[in-house]
Amino acid sequence: MSHLQIFQVFPAVPKPLSFLQVLARNLWWCWHLDAIELFRRISPRLWEQSGRNPIVFSTLIPQKQLEELSQDESFLAHQQRVKDHFVGEVLSPVDRSESPYGKQGPIAYFSMEFGIHESVPLFAGGLGILAGDHLKAASDLGLPLVGVGLLYRKGYFHQYLDQDGWQQEEYPETDLFNLPASRAKDHSGKEVSISISGPDGEIRAAIWNIMVGRIPLYLLDTNLPENSPEVREITSRLYAGNPKIRLAQEVLLGIGGMRALEAMEIYPSVCHMNEGHCTFAGLERLAQTISSHNINLKTAIEIVSRTMVFTTHTPVAAGHDEFPADLLEPYLSPLAERMETNIEEIISWGQPEGSEPDAPLSMAVLGLRLAQYCNGVSELHGKVARRMWSHVWPGRPEDEVPITHITNGVHITSWISVENHLLFERHLGPEWYLNIWKPEITKRIDQIYDEELWRAREMSRSRLIRTCRALMIKQYGRRNAPKAMMKDAESVLDQDVLTIAFARRFATYKRADLLLKDPERLEAIITSKDHPVQFVFAGKAHPKDNEGKELIKRLVQFARSPNVRHRVVFLEDYDINIARHLVQGADVWLNTPRRPFEACGTSGIKAAANGVLNVSILDGWWCEGYAEERGWSIGSGEEYADTAYQDAIESQALFNVLENDVIPCFYDRKNGDAPDRWLKMMKASMQMAMQHFCAWTMVAKYEKYCYLPAAKHYTSLIANNVKEAAILSAQHERLRSLWENIRIESPVRETEGPFQVGESFTVTSVVSLGELRPDEVNVELYYGDLKSVDTIVDSHSEGMSVKEDRENGVYLYACTLNCKASGRYGFTVRVFPRGDDRIRFAPGLITWA
């Protein structure tokens, strides 16, 4: 039927309970235990039945019960306590008058997915969970930030397994009335919508708003009656497999997202692109900057590039989206016209250096070219990203490629168990989470009584096991399993057994099957009479990843073996709720990626914050977090060319760690007491995660190293009719036009050597700058340890100064090199522009002797 008029009926909430409606419409509640308990105490059974969704929950509560609650003094006192907290953290103003954000617009944070709570299904995995934690931390810190994403009506798929253990997918539609979303409006109160020219006509999108504490999250939605079925499909499923729809999604997110902000009169001073899906935002921002300041494209680039942040999360080049010119043309043609350039020029920004004209546009390369502030998401991933994208800056040594790292953090209060939360309130202070990164706060974890902490651990494990049993019964019921099997599911897992969790995306490089390399040895560990072990697995494979689905099938079939079926379970449809139970209730968090393909791996941080000990390959965040007193490493950070050999070696290393270290440590109980050494490791793990890997620390680093400098750039660049931007544009153009004339003669040292530590020698080089002046360039002596005849490692540089002007643009440069340590060294001379990082690291503007 078409043209249906829709309405919804909600209960009549008594006036004393009116705050419950306000609370239900702001996701702030989902990371505050007292607020969650306010809803839950009304009816724990209905709260679970609603999927922990306050809006659905409100429709299930009998009217009579609401009337009774409105007279319940205990409930009203609890509500008032939550309301006071809400007003203080959400509604009270934040003074930003002295910051660059106070003078200009906010930070706009673009992401393809946002994982805030399981009741708002706009996420697929780690990227979305990170984005959700970013918004929560920004709210806690009072950062002036807005989120921009897409409103998926079907979201990411729900997983279920068939009788053989093969993954199946289903895409149920999300009822918009069950989300805390409202139509976004402009200053006049008019509902906001935008349109984009597409290959088959106009793409129209409505804008919705979901509040995440203080932070508005704006979501674009093409599921409108005026759109064609094909256009309505754009915001149907997250990560559509069809390249045409995938491109339309990324255009809508970037170009449409910027237009949505403009329609609401929000003009961001900084834009943060969370992965390459968002980088079209930079193109639209260029067009808007040209129009609003009446400037040319080159001047606009100087403004936009210095105020963009780009975070890459994918350490595999094949994981980044690329689009051919013929698909791009309908979207880029109107942009090219507004920028007064051509489509080929725009596409070239996203092509690697030296590409053929018809090469596809890489979204990652486009992001790197449009943003001055680029980062990976762990120290190791930053190094991998510099190597992977070094071709974007030809001539630059790999360690100088301008991609830094800010290690991901997790929003602690979103993931901490109830038991640990209460312990922290008692021992760290009632507002412990506001100062969690301070050593003087986290060191108080040492003061928690071992008996209390172990009791909290046992309670969390028991809750996980109850959840696993309930989910297994549900899974078997869906498959119409026999009654005997259903009965069997009621007793899977044991409350007192060492519980190891493995939960993540089932991609082959994550090696969920590493334990299955030796099934007999694994079975012996599981069925040990004295020191048994049990495993909980969860995770989804991409719908098109048959190898990942095969991994799930093999695990499920192993779990059905008669000897282990009570000790190994696979939980279907991994989501935030299951993840929360696992990171809180497991004893060990297992992570077995093929190094260096784990960009970060934040699930291990969530586990560590709960005192769950990590057993992991040294990859991602664990390279920074690992210490012997906090967990265990599998191997020593080796990397192999032969993956089969690597799997064989690291599988044996994993078994050795479990058998010789982990299991004995867990069961080392004196007189039946709690395991002393295990508890010490739990405390060290909690301190490490909370102090160094929390989302507040992460967002504070983004503010310090990216947002604040970018906002200050924005203020200065647009001042005085963009005078500074125009000067930079002219400087950039002058450098580009004259750079090819630079010549450097081989450097000469005054003494041949060899030298002794403490000695020094002078190096000179004749440099021809052509029409450029010495104050426009840096001339440096580049030196370091020799790895081979033409490769320097552990590099250093020493500035060279003009010793003699030989006229006609020719200069003799010199510097003194001090011999500080023994070794075999190499050196050469280079020239690159003088200026800020955008000038200094301009691709192509570096010349070597």
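Phenylalanine 177 is partly exposed in this predicted model. The relative accessible area of phenylalanine 177 is 36%. This residue sits in the loop between strand 4 (167–170) and strand 5 (181–183). Together with Leu4 and Ile6, Phe177 makes a nonpolar surface patch. The patch covers about 330 Å².

Salt bridges were then examined across the whole structure. The search finds 44 of them. One joins the side chains of glutamate 302 and arginine 306, with an N to O distance of 2.5 Å. Glutamate 302 and arginine 306 are both buried. Another joins the side chains of arginine 511 and glutamate 650, with an N to O distance of 2.5 Å. This pair links distant parts of the chain. Arginine 511 lies in the loop between strand 15 (498–503) and helix 22 (519–526). Glutamate 650 belongs to helix 27 (residues 643–666). Arginine 511 and glutamate 650 are both buried.

A further salt bridge pairs aspartate 775 with arginine 773. Their closest N and O atoms are 3.0 Å apart. Aspartate 775 is partly exposed, at 46% relative accessibility. Arginine 773 is partly exposed as well, at 43%. Salt bridges also form a network, which links Glu48, Arg52, Glu118 and Arg580.

Glutamate 419 is part of helix 18 (residues 418–427). Its relative accessibility is 11%, so glutamate 419 counts as buried, the limit being under 20%. The side chain of glutamate 419 makes a polar contact with the side chain of serine 460, at 3.2 Å. With residues up to four places away in sequence left out, glutamate 419 touches Ala456, Met459, Ser460 and Arg463. Aspartate 326 is part of helix 13 (residues 325–339). At 59% relative accessibility, aspartate 326 counts as exposed. Aspartate 358 lies 32 residues from aspartate 326 along the chain. The C-alpha atoms of these two aspartates are separated by 9.4 Å.

Helix 16 (residues 379–388) is largely enclosed by the rest of the structure, because 7 of its 10 residues are buried. The buried residues are Leu380, His381, Gly382, Val384, Ala385, Arg386 and Met388.

Cysteines were examined last. A disulfide is a covalent bond between the sulfur atoms of two cysteines. The cut-off used here is a sulfur pair within 2.5 Å. By this rule the structure has 0 disulfides. Cysteine 706 is accordingly in no disulfide. The nearest cysteine sulfur to that of cysteine 706 belongs to cysteine 374 and is 9.1 Å away. Cysteine 706 is buried, with 4% relative accessibility. Cysteine 468 is also buried, with a relative accessible area of 0%.

Technical notes. Residues numbered from 1 in each chain as written. Predicted model: local features only at pLDDT ≥ 70, side-chain atom pairs only at ≥ 80, totals over all residues. Heavy atoms only, no water. Buried < 20%, exposed > 50% of the residue type's maximum accessible area, 1.4 Å probe, protein only. Patch = residues over 30% accessible without salt bridge, like charges linked within 9 Å, V, L, I, M, F, W, Y side chains within 5 Å. Areas by Shrake-Rupley, 256 points an atom, 1.4 Å probe, with all protein chains shown as cover. Salt bridge = Lys/Arg side-chain N within 4 Å of Asp/Glu carboxyl O. Helix = DSSP H or I, 4+ residues; strand = E, 2+ residues; numbered from the N terminus. Polar contact = N/O pair within 3.5 Å; in protein donor to acceptor, adjacent residues only side chain to side chain. Contact = heavy atoms within 4.5 Å.
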